Amino acid sequence: MFFRALGFLVACLSSVNSNASQVEVLHWWSSEGEQLALNELRLELERQDIMWSDSVVPGGGGDTATSVLQARAIAGNPPGMAQIDGAGIKSWAKLGFLADLDSIAKKHKWRERLPKIAVDINTYRGSFVSAPINIHRVNWLWSNKAVLSRYNLTPPDSWSAFFDVAETLKSHGVTPLAVGNEPWQLGIIFEVMALGLHGTDYYRALLMDFDLDVISSVQTRTLLSTFRRVKPYTRVITTSMAWDVVMASMVSGEVAMQLQGDWVKGELTAQGLEPGKDYLCSAAPGTSNAFIYNMDSLVLFRLRSNESEQMVNQLAATLVSPDFQSKFNQKKGSIPVLRDVDMSAFDSCSKAANQQFEYAGKHQSLLPSMSDSMATSLPLQEAMLDLIALYFNDDTMTEEQAISQLIKIARSKRFEK
């Protein structure tokens, strides 16, 4: 694995971005809405006389950007700041690459102002090593309002209702569901379906604990058969298509609905579209009382000079500030991870997400996304997404074969440290 192989190189890490007036940021936010959100950070840093050097590596799941970051770290030339999600944060921190942000975290009371999940994800051995900037809700269903209204339909609130709506749409020549044939996009449908069909306990047992009894259960067979049942209601393509490209077909009315996280709303906002008027946001079928989350964080790489250390603290303070998180998240489609940000300027979908986050936190229905790097290790995630994509695309693969592969993935978990 990369992180084990890289360990011996940590001692050779060179000084990074010695010019304290400039910071290079490596990320995978390449869509129009993402770029508009990121521009809020660029403008804020420029107001502080910090020059922005942009290193964008397109790819919605971030796999390519992660590979580029790894290669640069091996070469001793990591950027000053990078987008890293989930378990990867602790892996980089363990190797000693990341700046310790605990002094700035204590000064601005991050532990008191952030939800527990943000503290857990962004700390290593009790210290903050990354700056969380938002929370995405993954289990959203986005619908073209005009298309549904044309056929007197409403967004489905269960999977049985979904198939009724989908059949009506298909009978009128409208593709019901927009899907990009990428493993992580298919993984989102799979995980929201697992939750919508069988609830939070099943979700945790299958996608977080890899419980062998649950994997072999009738519930999992139902999940697999229902997942494949979605396929005729999509426009299946053999090549992958980015989520924002797929979204355009929903906006045009060519396709009626899309199951994706609320980064979709950032793109809709960038196009001047409004919730309730041009599109509808509703919980993925069967998941109205739950919140599957993804969290974006930016890490700052460990620097050597005192001047650079001061800039690190300045950057961290900016990232975890109410003003920046309000501006950024209104354009990104997500909600601020800081819990004391004024939500009055946000749209109705974001306000609903914020309320649902609070509710889920109090009712044990706040769940990390498997498809978006929150629920498990990278090797297990990759294995799961590969299997989900294979099962969706290969009609000859049986439920028994899929379950057999799931069992192998679950057994490999015991070898993780």
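Me: Relative accessible area sorts residues into buried (under 20%), exposed (over 50%) and partly exposed in between, with a 1.4 Å probe and protein chains only. What makes Cys-281 buried, exposed or partly exposed?

Reply: The relative accessibility of Cys-281 is 24%, so Cys-281 counts as partly exposed. The model is predicted: local features need pLDDT of at least 70, side-chain atom pairs count only at pLDDT 80 or more, and totals for chains, interfaces and linings use all residues. Residues are numbered from 1 along each chain as its sequence is written, and side-chain values use heavy atoms, with hydrogens and water left out.

Me: How do you know which class Cys-349 belongs to?

Reply: Cys-349 has 1% relative accessibility, so Cys-349 counts as buried.

Me: Why is the link of Cys-281 and Cys-349 called a disulfide?

Reply: The term requires a pair of cysteine sulfur atoms within 2.5 Å. Between Cys-281 and Cys-349 the S to S distance is 2.1 Å, so this pair meets the rule. The count by this rule is one disulfide.

Me: What is the handedness of the link between Cys-281 and Cys-349, and how do you know?

Reply: The angle about the S-S bond is -100°, and the link of Cys-281 and Cys-349 is left-handed.

Me: Which residues of H12 are buried, and what do they pack against?

Reply: The buried residues of H12 are Thr-220, Leu-223, Leu-224, Thr-226, Phe-227 and Arg-228. By contact (heavy atoms within 4.5 Å), these buried residues of H12 pack against helix H9 (159–171), helix H10 (183–207), helix H11 (212–215), helix H18 (378–393) and helix H19 (399–412).

Me: Is Asn-122 buried or exposed, and what makes it so?

Reply: The relative accessible area of Asn-122 is 0%, so Asn-122 is buried. Asn-122 is part of helix H7.

Me: What does Asn-122 touch, not counting residues up to four places away in sequence?

Reply: With those places left out, Asn-122 touches Ile-89, Ser-127, Phe-128, Val-129, Ser-130, Ala-131, Pro-132, Met-295 and Ser-297.

Me: Where does Asn-181 lie, and is Asn-181 buried or exposed?

Reply: Asn-181 is found in the loop between strand S8 (175–178) and H10. The relative accessible area of Asn-181 is 12%, so Asn-181 is buried too.

Me: How many residues separate Asn-181 and Phe-392 along the chain, and what is the distance between their C-alpha atoms?

Reply: Asn-181 and Phe-392 are 211 residues apart along the chain, and their C-alpha atoms are separated by 9.3 Å.

Methods:
Helix = DSSP H or I, 4+ residues; strand = E, 2+ residues; numbered from the N terminus.
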